[in-house]
Number of protein chains: 2
Amino acid sequence: MKMKSLIFKATLLISYLMLMVLQLQSSVDGRAVLSLSKPDPNDAAAYARWLVSQNSWGVLNTLSADLGGAPFGNVVSFSDGIPGKSAGIPYFYLTTLDPTAANALKDQRSSFTISEYPIGTCGETDPENPTCAKITLTGKLKLVDADSEEAGFARSALFAKHPEMKGWPESHHFQVFKLEIKDIFLINWFGGPKPLTVKQYLHWKMNKLAFSL
Amino acid sequence: MKMKSLIFKATLLISYLMLMVLQLQSSVDGRAVLSLSKPDPNDAAAYARWLVSQNSWGVLNTLSADLGGAPFGNVVSFSDGIPGKSAGIPYFYLTTLDPTAANALKDQRSSFTISEYPIGTCGETDPENPTCAKITLTGKLKLVDADSEEAGFARSALFAKHPEMKGWPESHHFQVFKLEIKDIFLINWFGGPKPLTVKQYLHWKMNKLAFSL
């Protein structure tokens with residue numbers, strides 16, 4: 001009996017370790033920056049800000065100068081603030097060696113699209129199912145003056161979420177861009193896009209969430 | 001000593017179970033449709049086809065009729081074929097209740113962007129790092145005649161990867177769309193986009209991979 005009890009205890013201990021490994025894997029994947037629970041889908045502003053703050057990458061769309069004005073999507077990393085102090089405005093670190101930044105300097109019309117799916121909170125639900133949220137912020141993609149206070153803030157926000165950016169080659173002349181949001185398209189439940197103004201989105205405060213960031 | 005040996009064996013067994021759980025979690029995440037190893041980055045066609053076949057969702061971009069011609073990205077599910085028999089052409093299941101399909105019916109110019117990041121093979125690498133691959137297929141987003149053989153093939157391909165699509169509400173009138181590819185933008189290493197023609201991409205055969213699908 002004593003032996004069985006010991007084996008049982010060992011099993012419990014190892015199961016506990018297993019859970020720790022699973023949690024560790026989740027953070028290693030980089031899919032959840034902070035493990036905040038998702039807000040009520042009826043709270044559109046909270047949900048949108050949660051979705052943006054929890055993601056680390058998305059698809060940034062511009063009008064292609066090279067491809068006859070076609071809409072051109074590009075995978076990019078972003079940050080909307082230092083974790084816990086995010087402001088909802090996505091900042092990017094781009095080089096004009098890449099078509100997206102070059103396109104934006106010719107025509108600022110742009111959108112930025114992110115999905116809840118890679119955060120890992122959609123479970124078995126299909127990425128296109130409306131209960132697996134998606135957001136598209138449409139607006140103007142603007143170069144931020146490198147010497148401005150805003151650029152300093154943006155670099156801190158970007159480097160906090162994407163540490164390797166600090167070491168990216170200087171010869172590529174990475175610059176800070178931001179999306180000036182004009183329209184928000186949010187689907188996070190059945191029944192079509194959630195009504196959400198840019199003002200409601202930007203004025204929402206992260207600390208309204210009942211979690212310590 | 002006997003007891004220690006038993007505990008040791010139990011530990012081994014549970015560690016093995018732990019590994020199985022980790023593998024199971026990886027498939028539950030839906031991030032890898034088939035666990036094919038990634039091809040050599042120098043083989044642009046193989047890499048591009050691998051990237052498209054392994055993903056289940058991406059961002060589909062159209063020109064927004066409602067937002068002054070802005071590029072509008074939208075998270076969608078897709079399939080380029082029944083797993084193991086994929087052909088590289090992305091098919092979608094869309095409703096005109098959603099702006100993307102409605103936009104495409106007015107202006108077919110479109111692009112489809114997917115990232116290697118959610119497959120889980122980028123490790124610790126940042127999603128914007130060029131060694132974490134990304135592909136943008138630019139072309140025309142076309143409605144496929146619902147009664148055609150192609151639509152039947154596309155529905156099989158879509159339902160194989162996205163089983164819940166079969167049960168989506170009939171009242172939403174989901175229709176099959178496809179991207180007729182005109183240009184390929186692939187980044188999968190340092191040194192800028194990989195030269196890859198549409199012909200090279202489409203003519204590449206999945207069975208060239210030394211894996212049994």
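# Notebook: rings, sheet and helices

I looked up Tyr117(B) and found it buried, at 9% relative accessibility. My cut-offs are these: buried is under 20% relative accessible area, exposed is over 50%, and partly exposed is in between, with a 1.4 Å probe and protein chains only. The areas come from the Shrake-Rupley method with a 1.4 Å probe, and for residues only the protein chains shown count as cover.

I note that this is a predicted model, in which local features need pLDDT of at least 70, side-chain atom pairs count only at pLDDT 80 or more, and totals for chains, interfaces and linings use all residues. Residues are numbered from 1 along each chain as its sequence is written, chains are lettered from A and ligands numbered from 1 in the order in which they are written, and side-chain values use heavy atoms, without hydrogens and water.

**Entry on aromatic pairs**

I counted 23 aromatic pairs over all chains. Trp57(A) and Tyr117(B) make one of them, edge-to-face, at 6.2 Å centre to centre and 70 degrees between the planes. This pair crosses between chains: Trp57(A) is in strand β1 of chain A, and Tyr117(B) is in the loop between β4 (109-115) and β5 (134-143) of chain B. Trp57(A) is buried, at a relative accessible area of 6%.

I then took Tyr91(B) and Phe153(B), which are edge-to-face because their ring centres are 5.9 Å apart and their planes stand at 75 degrees. Tyr91(B) is in strand β3 (residues 91-94) of chain B and Phe153(B) in helix α4 (residues 149-161) of chain B, so the pair ties together parts 62 residues apart in sequence. Buried or partly exposed? Tyr91(B) is buried at 4%, and Phe153(B) is partly exposed at 32%.

For the rule, rings of Phe, Tyr and Trp (its six-membered ring) pair if their centres lie within 6.5 Å; planes under 30 degrees apart are stacked, over 60 edge-to-face, and the rest tilted. I also found a cluster, in which ring pairs link Trp57(A), Tyr117(A), Trp57(B) and Tyr117(B).

**Entry on charges over rings**

I used this test: NZ of Lys or CZ of Arg is within 6 Å of the ring centre and within 35 degrees of the ring normal. The charged end of Arg49(A) sits over the ring of Tyr201(A), 5.7 Å from the centre. In chain B, Lys161(B) lies over the face of Phe78(B), 5.4 Å from the ring centre.

**Entry on the sheet of chain A**

I read helices (H or I, at least four residues) and strands (E, at least two) as DSSP runs, numbered from the N terminus. Chain A has 5 helices and 6 strands. Two strands pair if DSSP finds at least two bridges between them.

In what order do the strands of the open sheet lie? The 6 strands run β2-β1-β4-β5-β6-β3 (chain A), with antiparallel pairing. At the edges are β2 (71-77) and β3 (91-94) of chain A, each pairing on one side only. From one strand to the next, the twist averages 35 degrees. For angles, axes are lines fitted to C-alpha atoms, for helices over the stretch in contact, and values run from 0 to 180 degrees between N-to-C directions.

I checked β1(A) next: it is largely enclosed by the rest of the structure, because 7 of its 7 residues are buried. It joins antiparallel β2(A) by 7 bridges, and Thr62(A) stands opposite Phe72(A) in β2(A). Strand β4 (residues 109-115) of chain A pairs with β1(A) over 3 bridges, where Val59(A) has Thr113(A) as its bridge partner.

Further along, β5 (residues 134-143) and β6 (residues 175-187) of chain A pair over 10 bridges, antiparallel. Leu141(A) is opposite Leu179(A) in β6(A).

**Entry on helices over the sheet**

Helix α3 (residues 99-106) of chain A packs on the sheet and touches β1 (57-63), β2, β3, β5 and β6 of chain A, at about 45 degrees to β1(A). Contact means heavy atoms within 4.5 Å. Which residues of α3(A) are buried? They are Pro99(A), Thr100(A), Ala101(A), Asn103(A) and Ala104(A). The buried residues of α3(A) also pack against β6 (175-187) of chain B.

Helix α4 (residues 149-161) of chain A lies across β3 and β6 of chain A, at about 85 degrees to β3(A).

**Entry on Asn42(B)**

I found Asn42(B) in the loop between α1 (2-28) and α2 (44-54) of chain B. It is exposed, at 63% relative accessible area. Asn42(B) and Trp189(B) are 147 residues apart in sequence, yet 8.5 Å apart in space, C-alpha to C-alpha.
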